[in-house]
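Let's take a friendly walk through a protein model, one piece at a time. Have the sequence and the 3D view ready as you read.

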Protein chains: 2
Amino acid sequence: MSKYCFGIDVGGTTVKCGLFSTDGEALEKWEIPTRTEDNGKNILPDVAQAINGKIQERDLDKEKIAGIGIGVPGPVNDEGEVPVAVNLHWGRVHIVNEMEALTGLKVKAGNDANVAALGELWKGGGVGYHNMIMVTLGTGVGGGIIINDKILAGSHGAAGEIGHAHAEDAVKDPCNCGNCGCLEQLASATGIVRLAKEELAASTDASMLREGEVSAKTVFDAVKAGDDLAIRIAERFGKYLGEALAIFACVVDPEVFVIGGGVSKAGPILLDYIQKYYREYAFTACKDAAFALATLGNDAGIFGAAKMVL
Amino acid sequence: MSKYCFGIDVGGTTVKCGLFSTDGEALEKWEIPTRTEDNGKNILPDVAQAINGKIQERDLDKEKIAGIGIGVPGPVNDEGEVPVAVNLHWGRVHIVNEMEALTGLKVKAGNDANVAALGELWKGGGVGYHNMIMVTLGTGVGGGIIINDKILAGSHGAAGEIGHAHAEDAVKDPCNCGNCGCLEQLASATGIVRLAKEELAASTDASMLREGEVSAKTVFDAVKAGDDLAIRIAERFGKYLGEALAIFACVVDPEVFVIGGGVSKAGPILLDYIQKYYREYAFTACKDAAFALATLGNDAGIFGAAKMVL
């Protein structure tokens with residue numbers, strides 16, 4: 001019977017590594033640099049070396065290792081192949097084949113946002129649920145869809161790319177994806193700054209936000225202090241995101257939405273604004289979906305990666 | 001090895017029945033009335049009698065029957081239980097348990113719209129694909145989500161209820177679901193009539209649509225005849241539906257959209273208007289999703305039901 005598994009989260013600058021027990025205890029966590037030079041050809045060999053080294057160091061019985069899960073920043077198909085991963089300087093890479101050859105262990109690979117969603121389901125904000133939409137509010141808006149405890153990858157590896165759902169016709173400047181009016185342009189950390197600038201320009205009302213640099217954090221700090229203008233920004237944010245999540249619920253009907261990423265550090269008040277509009281727009285049967293904050297932070301990726309091989 | 005299966009589509013007035021070979025040939029189709037009196041307690045016994053009678057009539061070997069699939073107008077959970085089905089006058093009914101007891105055959109049950117989607121995937125507009133969003137444009141807008149050849153039911157049986165995605169803040173009269181501005185209010189047959197009335201009232205432009213009753217059919221007939229006002233209606237319809245489908249694609253990333261229901265009788269021109277806006281709003285990776293018309297018409301339900309047990 002397996003006792004261990006590895007969870008790997010490959011980022012653009014560092015690779016997070018985790019050794020887990022199969023019941024989900026993180027036994028050890030460490031990082032190695034991501035060497036993106038030469039089209040990132042060293043990345044997987046470096047990861048393999050880190051894992052093989054750890055097995056040797058701890059004198060682990062290979063028979064008792066369930067395998068290695070790997071999350072990468074790019075689309076990954078069901079066979080564990082990546083067509084391209086810009087941040088890693090990768091063209092087509094068959095992660096599973098390459099890593100299995102380098103380690104002799106079973107390997108599974110997935111998109112990092114999807115893998116993080118699985119981590120939150122396993123040991124984070126989504127514990128106890130089986131069907132989830134994860135929403136990551138950072139510089140952009142990421143997502144991951146979990147159906148019956150499994151990642152939904154989609155036919156182009158683009159399932160859960162909820163940040164690029166169209167949300168506003170009035171936005172005329174392009175998103176990083178090339179379209180205009182994406183949810184990411186309105187409900188991410190940068191989207192909240194956009195809404196703040198619009199509200200600050202639209203009136204001369206007094207506000208804490210008129211002093212210093214505006215960020216998602218200063219907006220929600222001001223909301224907590226009762227600042228009326230900041231509350232108007234939070235309402236607009238909540239309407240864009242809550243309405244979008246209600247639309248997504250008509251498609252996959254999840255049990256729970258788990259909200260993570262830097263913006264989620266604002267805490268439960270963030271959920272209040274999202275849920276208010278979610279309940280307004282959701283289809284009757286879906287109105288009672290649960291909302292929770294993510295709890296694993298940057299470790300969600302290694303947890304989810306480990307879970308993939310179990 | 002199994003040679004036969006039954007596909008049953010329970011509607012509010014008639015039950016469609018089909019006997020199929022396991023490779024999907026419809027060997028016989030017939031109908032029986034749906035007896036909704038006494039809380040619909042006779043419906044499943046009537047269906048069982050129809051099947052048992054057919055087995056006797058054709059002297060089929062029960063060992064060679066893979067089972068019975070049943071689609072019903074209501075939410076169905078993974079165990080084949082319905083909490084309520086208004087059109088059948090049903091409260092809670094455990095279809096699978098009851099039908100297995102009545103027939104001694106394996107039974108699977110699903111929501112009728114989802115089951116019809118599976119039918120179109122198996123033998124209709126979605127042949128050759130494995131991941132699909134089915135859109136049924138009738139009096140309302142229905143849907144069904146197929147992931148890896150399987151129906152996605154959702155945690156409340158509400159996955160694929162895409163007609164109730166919010167699509168327009170300006171609509172202030174309520175949808176049948178109680179919300180306002182649902183996609184169904186804009187892109188169904190009745191939604192197209194709504195758009196037509198708005199366009200007819202907004203100008204005095206000459207149009208074929210100013211004579212006689214307006215319907216989805218007369219609108220698309222006028223579009224085909226080059227009627228400018230009708231084309232404006234079709235553009236608005238296409239924007240509402242194409243944009244919504246692009247949003248849905250960010251969630252599940254399907255290979256194909258199959259469009260069925262009465263409105264789809266307008267033919268390929270309907271797809272042109274939908275795709276134009278889909279391509280505009282879709283996330284890069286999803287822009288090349290295929291579009292097809294449904295081909296099975298009212299038989300989609302019995303085909304999909306049969307497929308469920310294979």
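This is a predicted model: local features need pLDDT of at least 70, side-chain atom pairs count only at pLDDT 80 or more; totals for chains, interfaces and linings use all residues.

Residues are numbered from 1 along each chain as its sequence is written, while chains are lettered from A and ligands numbered from 1 in the order in which they are written.

**Two chains**

Where the chains meet, 33 residues of chain B are in contact with 33 residues of chain A; contact means that the C-beta atoms, placed from the backbone, lie within 7 Å. On the chain B side, β9 (141-147) and α8 (228-252) each supply at least two residues, and α8(B) gives the largest share, 7 residues. These names follow DSSP runs numbered from the N terminus, with helices (H or I) of at least four residues and strands (E) of at least two. Because 100% of the interface residues of chain B are also interface residues in chain A, the copies meet through the same surface.

**Two domains in chain A**

The domain assignment, whose bounds come from an automatic or database source, gives chain A domain 1 (4-120 + 299-308) and domain 2 (129-294). Their C-alpha centres lie 29 Å apart. Across the boundary, 13 residues of domain 1 are in contact with 16 residues of domain 2. From domain 1, β7 (107-111) and α4 (112-123) of chain A give two or more residues each to this side, and the largest share, 6 residues, comes from α4(A).

**A sheet and its strand β8**

Chain A has an open sheet of 5 strands in the order β10-β9-β8-β11-β12, with mixed pairing. Strands pair if DSSP finds at least two bridges between them. The edge strands, β10 (150-151) and β12 (290-293), pair on one side only. Strand β8 (residues 132-137) has these two pairings:

| Strand pair (chain A) | Sense | Bridges | A bridge partner pair |
|---|---|---|---|
| β8 and β11 (residues 256-260) | parallel | 5 bridges | A:Met132 and A:Val256 |
| β8 and β9 (residues 141-147) | antiparallel | 6 bridges | A:Met134 and A:Gly144 |

β8(A) and β9(A) also form a hairpin with 3 residues between them.

Is β8(A) mostly covered or uncovered? It is mostly covered, as 6 of its 6 residues are buried, meaning that 20 or more other C-beta atoms, placed from the backbone, lie within 10 Å of a residue's own. In a regular strand the side chains alternate between the two faces of the sheet. Here A:Met132, A:Met134 and A:Thr136 point one way, and A:Ile133, A:Val135 and A:Leu137 the other way.

**The nonpolar core**

Which residues touch the most other members of the largest nonpolar core? Of its 224 residues, they are A:Val219 and B:Val219. Such a core is a set of buried Ala, Val, Leu, Ile, Met, Phe, Trp, Tyr and Cys residues joined through C-beta atoms within 7 Å. Leaving aside neighbours within four places in sequence, the contacts of A:Val219 include A:Ile192, A:Leu209 and A:Ile233.

Terms used: Two residues are in contact if their C-beta atoms, placed from the backbone, lie within 7 Å. A residue is buried if 20 or more other C-beta atoms lie within 10 Å of its own, exposed if 12 or fewer, and partly exposed in between; C-beta atoms are placed from the backbone.
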